[in-house]
Amino acid sequence: TQSTWGKLVDMTTVTHLYFKCFPTIHTSAFHAKSKTIEEVVANNDFWLLLAKTHEKFGFSYLNFVDEQRGSYLSLRIQHDGSLATVTIDQPNEAVLSNEAVADLERELRDALGATKSYQIPSLHLGRDLNPYVAMADDRIVEYDFTSIVFEADSDYQHIAIYSSPQFGNMLFLDGDLNLSESDRIYTKTITGGDGVSFDDKRVLVLGAGDGGILNELITNHRPQQILMIEIDKMVIDAAKIHLRGICENSLHNLKGPNWEVIVGDCVVYMKQLSADRRSFDYIINDLTAIPINTSEAVGSQWDFMRLILELSFGLLSEDGKYYTQGNGFNCKRSLELYENELGKLNPKVEFSKETVCVPSYQELWVFYTIWKVAAALT
């Protein structure tokens, strides 16, 4: 038995089956059916009953082991009988075929008297690269990573760049997907889209260490001045080598004829720009997405967001535009809270928003254009 468990800690595939039981199977009925369930599982390959537990933590359990394969199966049913779940944990070299799992699901559905059942796609655990990433709305996406081309801890965050056949190299900061080489639509949208010209304009860029926004501005426009403030030099250095599909050559020099990249804290520099009475026609905020929150706009992340808004609109010209990302389309409460915060700004502002599909995000993403209300200006 010890050698069996040793196999399980290696690379494994985890499969989940769910059974909805209406009318519900009460615990006593489950006890009566447990022998039938044991026979169903035992008839599939080499499963042996390992343990039977009733009325523990609100559930009843049947646990099985396949000693030949080194696999483990656990069936759990709620005491009200409305839901039964099966978890199959098996070494990758001995995974049951899809047909075998489908047969087991059908036979268990009949044994339980379930009205509905379904299988969750299997999770493949123990890989050198974890392919599973949580989206903004808590969905899980499995990516096709083939390698990690850069990974390091800076003074500010963990930086990782993964390679994907679909999306090119993908930048993750503290485990959150930032931008991929496939995501030019993100850069195009956060800079206002095709209808905006930055020619002869003064532009302040906050964050954007991947270089995508800077590349868009100096390649397709002729701004009078671009000032970009990014706190993490390691992101810049990694991007100019590994995110060429985003930044191209824009990060090779931190200063050019009409642009400058400052490595530092944008809050400190924005306060100094305000003291110097500087102003900008466009401010592009690519620091972070709106905090994900389902209650109130409280906490350090919201405080930082409010500070950036306050400093930005102090630097924005009277007829200027402020561009920023919001968050995922399904994060409706967070977007609502953000729009409430916009309503509290002084001077008063109005906004529009655009929703686009960012390829590597695999979800719709909301972007904002914000401007001062002329009638409220004094």
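What share of the contacts in the protein with a separation of 6 or more comes from residues 24 or more positions apart? Such residues account for 62% of those contacts, where contact means heavy atoms within 4.5 Å. The structure is a predicted model, in which local features need pLDDT of at least 70 and side-chain atom pairs count only at pLDDT 80 or more, while totals for chains, interfaces and linings use all residues. Residues are numbered from 1 along each chain as its sequence is written, and side-chain values use heavy atoms, with hydrogens and water left out.

The protein has 10 helices and 19 strands. Both are DSSP runs numbered from the N terminus, with at least four residues of H or I for a helix and at least two of E for a strand. Of the 378 residues in the protein, 48% are buried. Buried means under 20% relative accessible area, exposed means over 50%, and partly exposed lies in between, with a 1.4 Å probe and protein chains only.

An open sheet of seven strands has the order β15-β14-β13-β16-β17-β19-β18, and its pairing is mixed. Two strands count as paired if DSSP finds at least two bridges between them. Because β15 and β18 stand at the edges with a single partner strand each, one side of each has no neighbour in the sheet. From one strand to the next, the twist averages 15°. Angles of this kind run from 0 to 180 degrees between N-to-C directions, and the axes are lines fitted to C-alpha atoms, for helices over the stretch in contact. Within the sheet, β13 (residues 202–207) and β14 (residues 225–230) run parallel and are joined by five bridges. Val 205 stands opposite Met 228 in that pair.

Strands of a sheet pair through backbone hydrogen bonds, either parallel or antiparallel. The antiparallel case is found in β11 (residues 168–173) and β12 (residues 176–180), which four bridges join. Met 170 stands opposite Ser 180 of β12. The hairpin of β11 and β12 has two residues between the strands, and Asp 174 takes a positive phi near 50° there.

Most residues other than glycine have a negative phi, and most peptide bonds are trans. Glu 248 is not a glycine, yet has a positive phi of about 50°. Glu 248 sits in the loop between α7 (244–247) and β15 (259–263), and counts as partly exposed because its relative accessibility is 31%. Gln 362, also not a glycine, has a positive phi of about 55°. The loop between β18 and β19 (363–372) holds Gln 362, which is partly exposed at 35% relative accessibility. The peptide bond from Asn 346 to Pro 347 is cis, with omega near 10°. Pro 347 is in the loop between α10 (332–343) and β18 (349–358). Helix α10 itself lies across β17 (316–328), β18 and β19, and runs at about 5° to β19.

Helix α9 (residues 300–315) has 16 residues, which at 1.5 Å a residue should span 22 Å; the end C-alpha atoms are 23 Å apart, in agreement. The expected span is 1.5 Å times one less than the number of residues. The buried residues of α9 are Trp 302, Met 305, Ile 308, Leu 309, Leu 311, Ser 312, Phe 313 and Leu 315. Helix α8 (residues 266–275) packs with α9 at an angle of about 30°, and the axes are 10 Å apart. That makes α8 roughly parallel to α9, a term for angles under 35 degrees. Among the residues in contact are Val 267, Met 270 and Leu 273 of α8, and Ile 308, Leu 311 and Leu 315 of α9.

Which residues does Ile 292 touch, not counting those up to four places away in sequence? They are Ala 136, Asn 327 and Ser 334. Ile 292 is in the loop between β16 and α9 and is exposed, with a relative accessible area of 52%. The C-alpha atoms of Ile 292 and Leu 335 are separated by 8.6 Å, although the two residues are 43 residues apart along the chain. Val 298 has its place in the loop between β16 (280–286) and α9. Val 298 is exposed, at a relative accessible area of 57%. Val 298 and Leu 337 are 39 residues apart in sequence and 10.0 Å apart in space, C-alpha to C-alpha.

Technical notes. Parallel < 35°, antiparallel > 145°, perpendicular 65-115°, else oblique.
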